[in-house]
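Take a walk through this model, one part at a time.

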Amino acid sequence: MKILVIVPAYNEEESIINTINNIKNYKKCKKFSIDYIVINDGSTDRTKDLLVANNINFIDLPYNLGIGAAVQTGYKYASYNDYDIAIQFDGDGQHDVNYIEKLIDPIIQNDVDIVIGSRFIDNTSDFKSTKVRQVGINMISFLIKILSGKKMMDVTSGFRAVNKKVIEIFARNYPYDFPEPITNYALIKNDFKFKEVGVSMHKRVGGTSSIKFIGSIYYMFNVCLSILLLDLNKFGRNN
Amino acid sequence: MLSLNLKIFAYLIIIFYFVIVLNAVHKDKMPIKSSILWFLIGFLMIVFILFPEMLIKISRLVGIETISNLLFFCALICLLILSFDLYRINNLEKRKNISLAQEIGIIKNAITKKK
């Protein structure tokens, strides 16, 4: 079983090497083989130099495409190289490698198509994001519950694992704006099986979040609207 | 009726307009297919200058009191359609562009690995 960790990185010079070293160390102590790929999304700091100097396997995008397109590049890479499972893993040190096994286990058991690493399940995580953002996440989660009848707590989590079927879909079609909540909703709406597992997340080490504090409310509003409009959209229908 | 001065002025503008469109087609800056629309607009302008009564009839037909309002209304609708179309095309191009950038990144990665 081939497993790939996709690590998008935009100006993450402070944390990227640490993140990759964690993955490499984790790899050593596990029976299953895990590969990783860093997507350098047109970073303007020393991220690329560090990646080259440390001999890290990375894709260098010619300019900044944004988080959605950067992650999709990882899924395309996974599809081209015939990976069975792909894991999204942030380059900023927020995610904990030790939960990778917990994340991929339900997929290996063939139970589900997508596993979401959730901050709000089992109280595993001390860090749960800011209050404003939590309210936002709850509202998006509530909307998804109304529309699909399924409860998903951490809809915006960027720490998730998907199986081959979903890799192929994401490689073909992936939204550039608000990718996590939109794809999560689109998948459960189209009867893909999902599971949330409790993971611990850390406060980010370096860089800035793609969802800024002031933008949180705007973000939530936009995501809700996008989810409502998804039925009109090809991505929502075809998958 | 249009005064002679106004007519001359209008014709000058139309000539100028046709020169620009023809030049674009000639220098291959615009595909012939899309130039048809711009020629059509030019011919419409000529027709309306030759027969301004047509405009009066049309404005009565749709219930707009003055011709200038009718013209503004039509121009606004045309511009709206045009900008929507450009927006749509721009988005399609953006997608293709992103797709290309992704493929370039993946190919660069494969080349580096082979070295």
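Chain B is assigned domain 1 (1-50) and domain 2 (68-115); such bounds come from an automatic or database domain assignment. The C-alpha centres of these two domains of chain B lie 28 Å apart.

This is a predicted model: local features need pLDDT of at least 70, side-chain atom pairs count only at pLDDT 80 or more, and totals for chains, interfaces and linings use all residues. Residues are numbered from 1 along each chain as its sequence is written, while chains are lettered from A and ligands numbered from 1 in the order in which they are written.

Now the chain contact. It takes 12 residues from chain A and 8 residues from chain B; two residues are in contact if their C-beta atoms, placed from the backbone, lie within 7 Å. On the chain A side, α3(A) gives the most, with 6 residues. Helices (H or I, at least four residues) and strands (E, at least two) are DSSP runs, numbered from the N terminus.

Chain A has 9 helices and 7 strands. Of its 239 residues, 46% count as buried, meaning that 20 or more other C-beta atoms, placed from the backbone, lie within 10 Å of the residue's own; exposed means 12 or fewer, and partly exposed is in between.

Look at α8(A). A:Ser216, A:Tyr219, A:Met220, A:Val223 and A:Ile227 are buried there. Seen down the axis, the buried residues of α8(A) fall within an arc of 95°, so they line one face of the helix. That arc is taken from the directions from the helix axis to the C-beta atoms. The face turned away carries exposed A:Tyr218, A:Leu225, A:Leu228 and A:Leu229. Cover for the buried residues of α8(A) includes α5 (131-148) and α7 (179-189) of chain A.
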